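Reader: Could you take me through this entry? I would like to begin with the chain contact and then turn to some helices.

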Amino acid sequence: MTSYIGRRLLYMVFTMVAVSVVGFAIIKLPPGDYLTFHLQQLQLSGTTMSEAQLEGLRKLYGLDQPDYLQYLKWVANFLQGNLGLSHQWNKPVTELIGERIGLTVLLAVITLAATYAMAIPIGIYSATHQYSVGDYTATVFGFVGLATPNFLLALILMWFSYSVLDFSITGLFSSEYLDAPWSFAKVLDMLKHLPVAIFVVATAGTAGLIRVMRSSLLDELQKQYVITARSKGVEEGQLLFKYPVRIAINPIVSTVGGLLPEIVSGTIITAIVLNLPTVGPLLFTALTAEDMQLASSIVMVLAILTVIGTFISDMLLLWIDPRIRFDQEQTA
Amino acid sequence: MSEAVAAGIGASDAAANERYYLASQWQLIRRKFARHKLAKAGLVVLAVLYFVSIFAEFFAIQDIAKRDTDNIYAPPQRIRFVSEQGFSPRPFVYPLRLEMDREKFRKVYHLETSQPSYLRLLVRGDEYRLWNLFRSDLHLFGVEHGTLYLLGTDKFGRDMFSRVLYAARTSLSIGLIGVAMTFVIGCSLGGISGFFGGRSDMAVQRLIEFMQSIPTIPLWMALSAAMPRNWSPLQIYFAITIILSIVSWGGLARVVRGKLLQLRAEDFVMAATIAGTGPGATIVRHLLPSFMSYLIVNLTLAVPGMILGETALSFLGLGLRPPVVSWGVLLKEAQNVRTVALHPWLLVPGLWVIVTVLAFNFVGDGLRDAADPYKQ
């Protein structure tokens, strides 16, 4: 088991190195570097800079060095928590991301929980009431939920609440609390706005999970031990939750790794449409303003958090499911 | 009497069995697929969608760039059969008349119920060049006089129905080309990984894990934003398909690898190797055909992801840009809630996305069940 955890940790480090290469590539992709942008700004304000001055600055920032050296320097800075300057905001990137990352993580975690809270009971109902009206409704909901892009669902809900309910659902806070310091009333206000965002992002994941839960529970319900228990007169509800549900939930728990990147993706795009104060809109404006320093840092922070989240979920699975532990001990 | 019936059943059973045992793999798959009603319906929907999008110029009512400044944000015109004079076997629409509501300071469209305009098949209209080759001005249908806006118009008074049809061509083809690219990358990397094993297998597996463990949308956004602004629409189109397939080949490569690992121990692979067939030829000639059905299922289920990805990127303005139209580009017009509240028909392209993705999912599910040899 320790060797499994060790191997898993090693993979995680490998993934993070790969993520950092991608992050660096994003900064390097657009033509020009930080200085070309700076030069443009200076020219706009009427100041000019001599070739020699430019070369001096280039040396100062290390932009004359080969790419791999720049990369190593950049990684070293990143590890020290220095993510550079955002030229769009003229603020350190760390500060900009720091303001919003808390809500982003909160939203993703709540959405993950909501996905399971919706999918597992609906999946159980669908399997135990196979081919009933409820089962068909869940199936239709599942398919349509999978087919509807997150942002479209957000748009439709926005339109519905705006024109029918006369209530604006954009943003996490009402206008009077936007700049107010944290207080009980502000938290309450946020709780009113949160459900729409969570619902939008959770729908796609829920739709897929319902189908997994339904089919794995249906497989389980046909097994001999269920029939034996039933013939011995075990009460139906007790029979269901004691064994089949607990086994059927396993494939669901093991999908956390696949679900988390999906939820983070969904959260980003939904946050842009609903204008939530997460890193989503920040990433979007950074990309449209070609503020690659900020954009690449956001992509990297999101990817790293997702990788860590997946690692935690794998460890949880190891703890929950004795079969994995046993399997690992056998192979080790 | 009862014996004769029993014998009849026995004979038909035997015939059915014989049909089953003699059928080739593909015949079996086709038969099983035909029993899946939703999948069949999905296939029909997709066939219609692709057919219409291929001949979009002919099915569209007018030129997609034509601006009608008298009919800005015109609501959809309903096709009617019943007028004040009673039932008419020929469908017609009421032309629109724009008026200014002096009290609310808003433009209001009124229906000219006195002059119904009848629909006609095969009318001459705006000139177009089909696939940039054949010059024509023939359209499937149009009206006698006035305008025909089945899905309303946008902020420049352009016909949404025609735009949705042209957009279908872009959105639907991006799915297919992206999947073709996914197929090439997935098969070659999965093939290398499964056939050679060892270190190359290890490297490819880590690469797949890496690709699947990072959130796709932010990565897609960053990559497409890094595209140079001065690229031509065609370059952007291909760049977007490449960006979409960079992330999605992992699933396919896993299937290819798993199947190869299982198959390379088989005797016929050994026979081919002894007969002097090289590794490339063995993979392509002998191994690929044995799990082609799994590949097709996987690819069918990968198309909707591509379509959704393109739609999301274009919706944000990071993907395709006007004058190119795709469903995502059209939905970009619906970003503002106030605009949507006043003109809800701007959301209609989204409905087409949902229908297409649903159809692909149904067909994919049907194919998956059909391709599984252990399911009858």
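**Contact between the chains**

Author: In this predicted model, the contact draws 34 residues from chain B and 42 residues from chain A.

Reader: Which elements of chain B give two or more residues to the side that touches chain A?

Author: They are α6 (198-213), α7 (216-225), α11 (292-316), α13 (337-342) and α14 (348-371) of chain B.

Reader: And which one gives the most?

Author: That is α7(B), with seven residues on the side of chain B that touches chain A.

Reader: How do the residues on that side of chain B divide by class?

Author: There are 26 nonpolar, six polar and two charged residues on the side of chain B that touches chain A.

Reader: Changing topic: at what angle do α12 and α13 of chain A pack?

Author: Helix α12 (residues 256-274) and helix α13 (residues 279-288) of chain A pack at about 80°, and their axes are 7 Å apart. Because 65 to 115 degrees counts as roughly perpendicular, α12(A) is roughly perpendicular to α13(A).

Reader: Which residues make that contact?

Author: From α12(A) come A:Thr267, A:Ile268, A:Ile269, A:Ala271 and A:Ile272, while α13(A) provides A:Gly280, A:Pro281, A:Leu283 and A:Phe284. By class, this contact of α12(A) with α13(A) has seven nonpolar, two polar and no charged residues.

Reader: One more helix: what should α4 of chain A span, at 1.5 Å a residue?

Author: The 13 residues of α4(A) (residues 67-79) should span 18 Å, and the end C-alpha atoms are 18 Å apart, which agrees.

Technical notes: Residues are numbered from 1 along each chain as its sequence is written. Chains are lettered from A and ligands numbered from 1 in the order in which they are written. This is a predicted model: local features need pLDDT of at least 70, side-chain atom pairs count only at pLDDT 80 or more; totals for chains, interfaces and linings use all residues. Axes are lines fitted to C-alpha atoms, for helices over the stretch in contact, and angles run from 0 to 180 degrees between N-to-C directions. Helices (H or I, at least four residues) and strands (E, at least two) are DSSP runs, numbered from the N terminus. Angles under 35 degrees count as roughly parallel, over 145 as roughly antiparallel, 65 to 115 as roughly perpendicular and the rest as oblique. Two residues are in contact if their C-beta atoms, placed from the backbone, lie within 7 Å. Ala, Val, Leu, Ile, Met, Phe, Trp, Tyr, Cys and Pro count as nonpolar, Asp, Glu, Lys and Arg as charged, and the others, Gly among them, as polar. The expected span of a helix is 1.5 Å times one less than its number of residues.
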